[in-house]
Amino acid sequence: MEIDFSKGKHPTGLILFIDDDIEEHGLFKHSMRSTDVKNKIVTFRNGLEAYDFIKENQEEIFFIISDINMPKMDGLELKRRIESDAEMRAKSIPFVFHSNQISPAEIRTAFTLGIQGFIKKGNYEETVQLLIALFYF
């Protein structure tokens, strides 16, 4: 699906995608190509890798999309660490979880950490529509 964003403003900064399932990385990148968002995508397999990158990175980060359940450091712990670090928290990076299974307890915990939303993992077309909604509306 091609969308004409010629009249809209394109976002700047890196998009971080965090998921331990490598197939999700491919789906995400493929879906992003259909949104006309040209931001560089940086992917990670767990929250610890992402945390280290965010801590050391000097480039602007536009958005973080993270799975919840991952090895080494899950998404909730990643968000906790970002919020507990004054310098990282001051960057005010939008943070959205995506997951196959979302429990009410995880939702409550996540929103107390200041996330901007949850996305249920879907197929290609569903993912494209969700990304368009996130980045353009």
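User: Which residues of α3 are the buried ones?

Analyst: Helix α3 spans residues 75-84, and its buried residues are G75, L76, L78, K79 and I82. They lie on the same side of α3, because the arc they cover around the axis is only 160°.

User: Why would residues a few places apart point the same way?

Analyst: An α-helix has 3.6 residues a turn, so residues three or four places apart point the same way.

User: There is a lysine on that list. Is K79 buried or exposed?

Analyst: K79, which lies in helix α3, counts as buried because its relative accessibility is 3%, below the 20% limit for that class.

User: What does the K79 side chain pair with, and what else does K79 touch?

Analyst: The side chains of K79 and E83 are joined by a polar contact of 2.7 Å. Leaving out residues up to four places away in sequence, K79 touches F95, F97, L113, G114 and I115.

User: What happens at the start of α3?

Analyst: There, D74 has a side-chain oxygen that comes to within 3.2 Å of the backbone nitrogen of L76.

User: And at the start of α2?

Analyst: At that position a side-chain oxygen of N46 comes to within 2.9 Å of the backbone nitrogen of L48.

User: Staying with α2, which residues are buried, and what covers them?

Analyst: G47, A50, Y51 and I54 are buried in α2. Their arc around the axis is only 100°, so they sit on the same side of α2. The elements covering them include β1, β2, β3, α3 and α4.

User: Let us change topic. How many helices and strands are there, and in what pattern?

Analyst: The protein has six helices and five strands. Along the sequence they follow the pattern β-α-β-α-β-α-α-β-α-β-α. The protein is as compact as a globular protein of its length, because its radius of gyration, 14 Å, is close to the 14 Å that the globule rule gives for 137 residues.

User: How much of the protein is buried, and what does the surface consist of?

Analyst: Of the 137 residues, 45% are buried. The protein exposes about 7,500 Å², and carbon and sulfur atoms supply 52% of that area.

User: What about contacts across the sequence?

Analyst: Taking contacts between residues at least 6 apart in sequence, 70% join residues at least 24 apart. As a separate example of distance in sequence, F135 and T35 are 100 residues apart, while their C-alpha atoms are 8.7 Å apart in space.

User: Where is F135, and what does F135 touch?

Analyst: F135 is in helix α6, residues 124-136. F135 is buried, at a relative accessible area of 8%. Not counting residues up to four places away in sequence, F135 touches I15, M32, V37, F62, F63 and I65.

User: Where is confidence lowest and highest among the elements?

Analyst: Confidence is lowest in α6, with a mean of 78, and highest in strand β2 (residues 41-44), at 96. Over the protein, pLDDT averages 84, and 91% of the residues score at least 70.

User: Which stretch has pLDDT under 50?

Analyst: Residues 1-7 stay under 50, and the model has 13 contacts beyond four places in sequence for them. Where pLDDT is low, the predicted coordinates should not be read in detail.

Notes. Residues are numbered from 1 along each chain as its sequence is written. This is a predicted model: local features need pLDDT of at least 70, side-chain atom pairs count only at pLDDT 80 or more; totals for chains, interfaces and linings use all residues. Side-chain values use heavy atoms; hydrogens and water are left out. Buried means under 20% relative accessible area, exposed over 50%, partly exposed in between (1.4 Å probe, protein chains only). Helices (H or I, at least four residues) and strands (E, at least two) are DSSP runs, numbered from the N terminus. The arc is that of the directions from the helix axis to the C-beta atoms. A polar contact is a pair of N or O atoms within 3.5 Å; within protein, one must be able to donate a hydrogen and the other to accept it, and residues adjacent in sequence count only if both atoms are side-chain atoms. The radius of gyration is taken over C-alpha atoms; the globule rule is 2.2 Å times the number of residues to the power 0.38. Contact means heavy atoms within 4.5 Å. Accessible areas come from the Shrake-Rupley method with a 1.4 Å probe; for residues, only the protein chains shown count as cover. pLDDT is the predictor's confidence in each residue, from 0 to 100.
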